[in-house]
Every structure is written in C-alpha cells, then in structure tokens.
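Subject: Handing over the structure

Hi,

Here is the structure I said I'd pass on.

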Amino acid sequence: MQINLFESIKIFIEIVESGSFTQAAENLQIHRPAVTKAVQQLEQHCGIRLMQRTTRRINLTPDGEEFYRRSKPLLAQTDELLESFGPDCALRGQLRVDMPIAFAVSLVVPNLPVFYREHPDIEIILSSSDRRQDMLRDGLDCVLRMGELDDGDYIARPMGNIKMTTCASPAYLAVHGTPKNLDELQQHQAVNWFNSSSRQIIPWTFETPSGAVEVNLPGKLVLDNSETYIAAGLAGLGMLQGMNLFLQPYLESGLLVEIMPDYPAPSRKLSLLYPHRHLSRKVRVFAEWLDNLL
C-alpha cells in the first residue's frame, strides 16, 4: 500500500469520526484542502463514492459505510504495528471509549490521573451515556456494557460481575413501611428504569428458593439516567434496584437502606466490547487498568 493511500484512509476515518472535514483537518493538524484532496484520491482509486457532502453534514454512502467498517480495524492494526517498532514503543494517540454514566463519574474519571501517569501520550475521548452506542457507527475503540449481550459484530472481554442491591430512603420507608417478601413488594412504588433501545421498562429480578423471579412493579417515575435514578431514590420517590458499587456510599451513610436481603438481586455481567479480534495495545492496557479498578 502506498503511503499516500494509507494517509488518505486515515484522513477518511478521521472525517467520519469527527463529523466534518474542518474538524478532521484540525485533529490531524493539516490544511483543509489536503483533507478534501485525500478523499477525492481515495474515491478515484477505489472507483466508488464514499460520502455525500453538503454544506451542513456528511453522509456515508452504503459503499462508504462498508469501507469504514473494514478499514477501521486494518488501520488500528497498522498503527499497532508501527507503535510496536517505534523508537520508544510508547503508546500514543486517541482512544475512543463509551461507558455508562455511573462508571464514568464515580469510578473511571476520578482514577484517570493514575492511568495518565503511566500512559501520558494517550488521549481518551470518553463518552458517557446510559444509552447503548453503536461502536462502528460512532467510531469507538471499546465500550463498557453491563448485562446480557446481544448478538453483534464485536468481541467481548468479561470484566466480572456487578452486585445488585434493592434499597429505599428512610423517608420512603417511614411513610410506606418496609416490604419483607415479594407479595408485600407489590404494594410499594418503584423508581423504574427505561431501556432506551428496546423502549421497555426493565423488570426487577430476585433470587428465590425456586430460582430467579422477574417482577414488574408499579411506579410513577421512569428514568434512563443513572445519576437521576439515584437522586430519585434519595428523594423518597420510590424504591431502587441498582449496582451496589455506586449505591454503597449512600447505604453506609444511611441515606439509603437495603431492603429484602433474603431476596437478593442476581449479579449482572460486566463486559468490555471491542469491534475486531485484534486487540490494540491501547485497548489492552486500558482494559487491564479498568479491570484492576473493579
């Protein structure tokens, strides 16, 4: 592969991931006309139209979508190869990561100074959302996800299990009482969680002597943001069932109280996903660092 063609592919990927020719030029520190010329050369070389360009936005053609999907892992492997044989072998460049808000706010961001001390030349582009992102469409190198995984074009690295806890605020329990079993639970209000992908309210799950049981609980508030979810529980708007990792500080301080310990919620799987079988060094060191935090 000629080096100018390699650079054209790199520029094309940066345009897709940054969303504009101007931003790609700024990120790569090259002139704007050079970005346009690189895409034109790439389209001429391949004999296809990669993107439709207007004054406001860029849309990939079907060929452009396929070219991006297949060239992204190849470029990552090439960058990894060049990094491995560089003069200092230090890791550098961008790492695009997406994870749930609670993990970003409470766990990852507070500990990033430690990561940067070991890898000062890595630039992390961190998106935090409780909505599931498309790795290829959004140009992500890895995604942290909790729960059962759907079939998809990705590789999953298990990161352990997350303990779940059912709890409520003392103010809520003072008014409504404390449920002792699943029958009493139906008389209470829940702060329910909304899955934005399936557009369904997530049922609560409990371990019983006869196995796991899913329960749909009444509630007047449905949310899809983890910070707002905890805030609603603290305000006494209903009971919560969430990750113990983030509820524990409130349980220790007495702002929340665990309920129904005889009917624990099953732990949920945590996985780090990446879009191709070749695990880049940047993703690998980030995964190992993250694994040590959990």
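Gln52 counts as partly exposed, because its relative accessibility is 42%. The cut-offs here are under 20% relative accessible area for buried, over 50% for exposed and partly exposed in between, with a 1.4 Å probe and protein chains only. Before going on, please keep in mind that this is a predicted model, in which local features need pLDDT of at least 70 and side-chain atom pairs count only at pLDDT 80 or more, while totals for chains, interfaces and linings use all residues. Residues are numbered from 1 along each chain as its sequence is written, and side-chain values use heavy atoms, with hydrogens and water left out.

Gln52 belongs to strand β1, residues 51-53. Helices (H or I, at least four residues) and strands (E, at least two) are DSSP runs, numbered from the N terminus. Setting aside neighbours within four places in sequence, Gln52 is in contact with Arg57, Ile58, Asn59 and Thr61; contact means heavy atoms within 4.5 Å. Gly64 is twelve residues away from Gln52 in sequence, and the two C-alpha atoms are 9.4 Å apart in space.

**The chain as a whole**

The protein chain has ten helices and 15 strands. Its C-alpha atoms fill a box of roughly 70 × 40 × 35 Å, taken along the principal axes. There are 294 residues in the protein chain, and 42% of them count as buried. Looking at contacts with a separation of 6 or more, 73% are between residues 24 or more positions apart.

The protein chain exposes about 16100 Å², and carbon and sulfur atoms supply 50% of that. Accessible areas come from the Shrake-Rupley method with a 1.4 Å probe; for residues, only the protein chains shown count as cover. As for charge, the protein chain has 28 positive and 35 negative charges, and their mean positions are 6 Å apart. Lys and Arg count as positive and Asp and Glu as negative, with His and the chain ends not counted; each charge is placed at NZ of Lys, CZ of Arg, CG of Asp or CD of Glu.

Strands of a sheet pair through backbone hydrogen bonds, either parallel or antiparallel. Two strands are taken to pair if DSSP finds at least two bridges between them.

Strand β7 (residues 164-168) pairs with β13 over four bridges. On that side, Met164 has Met243 in β13 as its bridge partner, and Thr165 stands opposite Gly242 in β13. Two bridges join β7 to β14, where Ala168 has Val257 as its bridge partner.

Is β7 covered on one face or both? Both faces are covered: Met164, Thr166 and Ala168 are buried on one side, and Thr165 and Cys167 are buried on the other.

Gln241 sits in β13, residues 240-243. Gln241 counts as buried because its relative accessibility is 13%. A polar atom of the Gln241 side chain lies 3.2 Å from the backbone nitrogen of Thr205. That is a polar contact (a pair of N or O atoms within 3.5 Å; within protein, one must be able to donate a hydrogen and the other to accept it, and residues adjacent in sequence count only if both atoms are side-chain atoms). Beyond four places in sequence, the residues in contact with Gln241 include Met164, Thr165 and Thr166, as well as Trp204, Thr205 and Phe206.

**The sheet around β8**

Another open sheet has three strands in the order β9-β8-β12, and the pairing is mixed. The edge strands are β9 (200-201) and β12 (221-223), each pairing on one side only. Strand β8 (residues 191-195) and β9 run antiparallel and are joined by two bridges. Asn195 has Gln200 in β9 as its bridge partner.

**Two loop residues**

Gln29 is a residue other than glycine with a positive phi, near 60°. Gln29 is in the loop between α2 (21-28) and α3 (32-46), and Gln29 is exposed, with a relative accessible area of 73%.

Met260, also not a glycine, has a positive phi near 50°. Met260 is in the loop between β14 and β15 (268-274), and Met260 counts as buried at 4% relative accessibility.

Cheers
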